[in-house]
Amino acid sequence: MRNLSAAELIRVWEHTVHRSPVQQALGLLSAAFPEYSMDRLARLGIGQRDALLLTLRERLFGSDLDGMVVCPRCRQRIELNCKVSDLRVEPIELGAIGSGDQPITLRMEGYHVEFRIPNSLDLTSIETGADVNDARRRVLSQCIHSVVRTAEEPADAKALNDFTRLPQSLIDAIAERLAEADPQAHTRLAFSCPDCGHAWSATFDIATYVIKEIQRYVKHLLEEVHHLARGYGWREADILAMTPTRRRVYLQMLDVA
Ligand SMILES: [Zn+2]
């Protein structure tokens with residue numbers, strides 16, 4: 001893993017801003033983890049991808065996260081304060097990240113299914129899809145290696161090719177096993193509302209959070225460049241090479257900060 005300078009972050013943002021969120025996340029990871037090929041990053045299970053994003057985020061901005069959530073009962077806006085460690089299922093060993101291709105098996109209702117956890121390639125293929133349930137089914141069907149319909153007599157067992165027509169109960173059971181197998185991809189946070197006392201938990205989408213945070217940071221950097229270039233005539237590269245502290249002092253002198 002390497003540190004990304006302000007100029008590099010802007011470059012990554014610029015190259016991926018018009019692409020999908022999945023591609024933006026991969027672009028960031030590819031810049032920060034040049035030791036992994038893009039193909040390897042794209043084939044990581046979503047939990048491993050998110051664990052790398054958390055590690056990168058911690059390196060860039062520290063371990064405190066903040067944001068806003070809305071209480072589902074009284075609609076009060078509540079400040080979210082948590083640590084990167086609150087979102088991490090287990091510490092990630094950077095040298096030991098796997099492909100996420102290990103097969104998982106499930107036997108139920110006369111079916112024997114082998115499948116793997118979803119990766120970024122699976123998500124990319126459904127990003128333009130409209131219906132959430134359809135998208136979920138399509139991702140799952142891409143992750144299924146094989147389905148065998150095991151009737152009561154072993155001789156009647158037969159392999160199925162069409163994974164889109166599996167019973168809903170089987171699809172739900174596969175989804176449940178996937179959540180157990182890749183808990184980092186299903187990060188949840190517990191909240192309680194100080195106003196009405198309502199307590200709930202919600203999924204925390206790590207990739208969306210990190211991408212939005214970097215977008216805000218890049219916009220802030222470009223505003224600084226804009227003011228300093230206009231005020232002093234300096235080049236963008238020279239301004240970005242300064243420490244944030246030095247930029248702030250110059251901005252104060254321009255009455256901007
Ligand atoms: Zn409330």
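**Exercise 1.** Which strands and helix do the buried residues of α8 pack against?

*Solution.* A word on the model: it is predicted, local features need pLDDT of at least 70, side-chain atom pairs count only at pLDDT 80 or more, and totals for chains, interfaces and linings use all residues. Residues are numbered from 1 along each chain as its sequence is written, and side-chain values use heavy atoms, with hydrogens and water left out.

Start with the buried residues (under 20% relative accessible area, 1.4 Å probe, protein chains only): in α8 they are L170, I171, A173, I174, A175 and L178. Next, look for their partners: they pack against β3 (104-108), β4 (111-115), α7 (132-143) and β5 (144-149).

**Exercise 2.** Work out the strand order of the open sheet and find its edges.

*Solution.* The four strands follow the order β3-β4-β5-β6, with antiparallel pairing; a pair needs at least two DSSP bridges. β3 and β6 (158-160) each have a single partner strand, so one side of each lacks a neighbour in the sheet.

**Exercise 3.** Identify the zinc donors and classify their arrangement.

*Solution.* Donors are N, O and S atoms within 2.8 Å of the metal (3.2 Å for Na, K and Ca). Here the protein donors are the SG atoms of C71, C74, C193 and C196, 2.3 Å from the zinc ion. Now check the angles: they run from 106 to 116°, which makes the arrangement tetrahedral (four donors, all angles between 85 and 135 degrees). Finally, read the spacing in sequence: C-x2-C-x118-C-x2-C.

Notes:
Tetrahedral: all angles 85-135°; square planar, octahedral: opposite > 155°, others 65-115°. Buried < 20%, exposed > 50% of the residue type's maximum accessible area, 1.4 Å probe, protein only. Helix = DSSP H or I, 4+ residues; strand = E, 2+ residues; numbered from the N terminus. Contact = heavy atoms within 4.5 Å.
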